[in-house]
Amino acid sequence: MKIGAPKEIIAGESRVALTPESALQLQKLGHTCFVEAGAGEKAGFSDAAYAAAGVSILPDGVALYSATDVITKVRPPTQVEVHQLRQGQTLISFFYPAQSSELLEQARERGATVIAMDMVPRISRAQKMDALSSMANIAGYRAVIEAGNHFGRFFTGQVTAAGKVPPAKVLVVGAGVAGLAAIGTATSLGAITYAFDVRPEVAEQIESMGAQFVFLEFEQTQDGAATGGYAAPSSPEFCEKQLAKFRELAPEIDIVITTALIPGRPAPKLWTADMVQAMKPGSVIVDLAAERGGNCDLTVPDEKVVTENGVTIIGYTDFPSRMAAQASTLYANNIRHFLTDLTPNKNGVIVHNMDDDVIRGATVTHQGAITYPPPPPKVQAIAAAKPKEKVRELTPEEKRAKEAEAFRSQTKTQVGLLVAGGLLIALVGAYAPASFMAHFIVFALACFVGFQVIWSVSHSLHTPLMAVTNAISGIVVLGALLQVGSSHWLVVSLASLSFLIATINIVGGFLVTRRMLAMFQKS
C-alpha cells in the first residue's frame, strides 16, 4: 500500500505523522511511503532526511491524497481534507468522533475508512498504539517545564550564604498519564509534590513516584473501570468534598497542574475563581484541559492570563506540538504499530480485521457505514477496586487483654519446650555412656549459641538472607580454624576444605552486595 503524510494545515501545529525512522519500518512491511514537501520541517525532519530513508516527496497535499492509499495525520481533518478522500482510501489520525458527527457523516459518504487514534482501546495489548497516552505523557512533562518558566523560584529548596529558598509546592489534579508524567517531573526537580485523583487505585502509583496522595474521607468508592481506563464522573457530594479540600490547599500551593478530562465530555471545573484568589502572588496554574473548557474557571484556551492577585494561568492547548520532534517520533511509532497489526502477512496488503478488538475499537467508518461507537472491549482496562476493610482501633482494655493472652501463650510454649528437652536429655542419659553425654551437652550448647549468634547479626550491609548465610559461614570458618591444628590428616583436610568453601561464600556475599548497591547509585 502507498502510505502518505500531508503537511498539517492547522495553525501552530508542528508535528508530523511520518518520520524517516518510522518510514524505514513501514517499508519492511512491504509498504511504500510518501510525504508532502516540507511536512516535517517544523519537527526537525528535512525533505532530504525523508529522501534518504526512501520516502517519495510530493509537491502538495492534493498530489499526496490522489497518489496514496492510506493517509496518516496528526490533527483531525478539516472539511476540505475529508472531501479529498476517495472510495476505499484509509485515513489514520486523531478524529474525536463524538464531537465530529458532521465530519463522520462526510467520511462515510466519501466511502473512506477512518481510524481514529483517539479511540484506540486502553488495554494492555494496545499500549504500543495508544497515541493519547503518548501525547499526554509529553503534555504532562511540558506542563511542569512551562510552569517553571513562569515561576519565580527554584523547584528544590536551597540553603545558601545569600539566604534560604523554600521548595516549591506542586499540586497535580488527576493522576492519568499526563498527571503521572507531571508528578515524575516535578518530583525529580525537587518540588514537594501533592497529587489527587478520584480513583483510589492510583494512590500507590502516586506514592511510588515520591508524591503525597491527597486523601478524602468519603464512603463511596470511585472507580474508572467502566469508562475504559478514565476516571468516572464524580457524584455531587464527592465534588463538594473535593472542592473543599482544594480550598484548604490553595493558599499553600505554588504550582497547580490540572489534567482532569474525560473524552467526549466538557472539562470538570475543579479550580474555582475563589481558589485562584486565595493563592499567593507569583503562583502558576497550568490547565491541560483547556481545549475542553479547562478545569479552572479563569482559563482562556490558547492564552496566558495573569490575574489581579498575580497568579499566572496557562491555557495552552499545544503542549505536545511545543516538543514537535519528540511528539512526532512517538506518534509515528504509534501509527507504525497500528499498521503492523493491519498488515499481518507483512506483504504490503492491509487486512482490516473487524473481529480484532483494537482495530474494531479505533475504526469509526468502514465500507460506507459509521461504526462508531464501538462495542466495549472484552478485557477491562482497570480491574474494579475491591473495597478495603477498615481496621478497627482496639480499646486500651482490649490491647491489655491481647498482650496478656500473647504472654500466656509464649510462656506455655517455652515451658513445654524446656520440659520436652529435659525429658529427651534424661532419656538419652539413661542409656548413653558418660563420654557421649559430655559431647552431647557441648553439641546442644553449641547449637543454642550458634542460633543466637546467627539471628543477632545485623543485615545493614546485606539482605537478611545473605546476612544469615554469611554468619553461618563465619561460624564454619571459626570451627575449621580450631580443627586445622589436629594431628589427624583427615581432620586437617576436612577443616581446610571447610575453611576454603566458607571463605568463598563470605567474599562472594560481599561482592554480590556491592553489585546490588551499585544498581541504586548514580554514576
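This is a predicted model: local features need pLDDT of at least 70, side-chain atom pairs count only at pLDDT 80 or more; totals for chains, interfaces and linings use all residues.
**View 1. The largest cavity and its lining residues.** The structure holds one cavity of 30 Å³ or more. The volume of the largest cavity is about 60 Å³. Its lining is formed by K7, E8, E13, S14, R15, G38, A39 and K42. By residue class, the lining of the largest cavity comprises five charged, two polar and one nonpolar.

**View 2. Helix α9, residues 236–249.** The 14 residues of α9 reach 20 Å from the first C-alpha to the last, close to the 20 Å expected at 1.5 Å a residue. F238, Q242, L243, F246 and L249 of this helix are buried. Seen down the axis of α9, these buried residues fall within an arc of 130°, so they line one face of the helix. The exposed residues P236, E240 and E248 are carried on the face turned away from the buried side of α9. Elements covering the buried residues of α9 include β9 (169–173), β10 (192–196) and α10 (273–278).

**View 3. Helix α7, residues 177–188.** From its first C-alpha to its last, α7 reaches 17 Å with 12 residues, close to the 16 Å expected at 1.5 Å a residue. Buried in α7 are A178, G179, L180, A181, A182, I183, T185 and A186. G190 follows α7 and has a positive phi, near 100°.

Technical notes: Residues are numbered from 1 along each chain as its sequence is written. Side-chain values use heavy atoms; hydrogens and water are left out. On a 1 Å grid over the protein atoms alone, a cavity is a set of points where a 1.4 Å probe fits but cannot get out, and a pocket is an open set with protein on both sides within 12 Å along at least five of seven lines; lining residues have an atom within 4 Å of a point. Grid points are joined across faces, edges and corners, and a volume is the space filled by probe spheres set on the points. Ala, Val, Leu, Ile, Met, Phe, Trp, Tyr, Cys and Pro count as nonpolar, Asp, Glu, Lys and Arg as charged, and the others, Gly among them, as polar. Helices (H or I, at least four residues) and strands (E, at least two) are DSSP runs, numbered from the N terminus. The expected span of a helix is 1.5 Å times one less than its number of residues. Buried means under 20% relative accessible area, exposed over 50%, partly exposed in between (1.4 Å probe, protein chains only). The arc is that of the directions from the helix axis to the C-beta atoms. Contact means heavy atoms within 4.5 Å.
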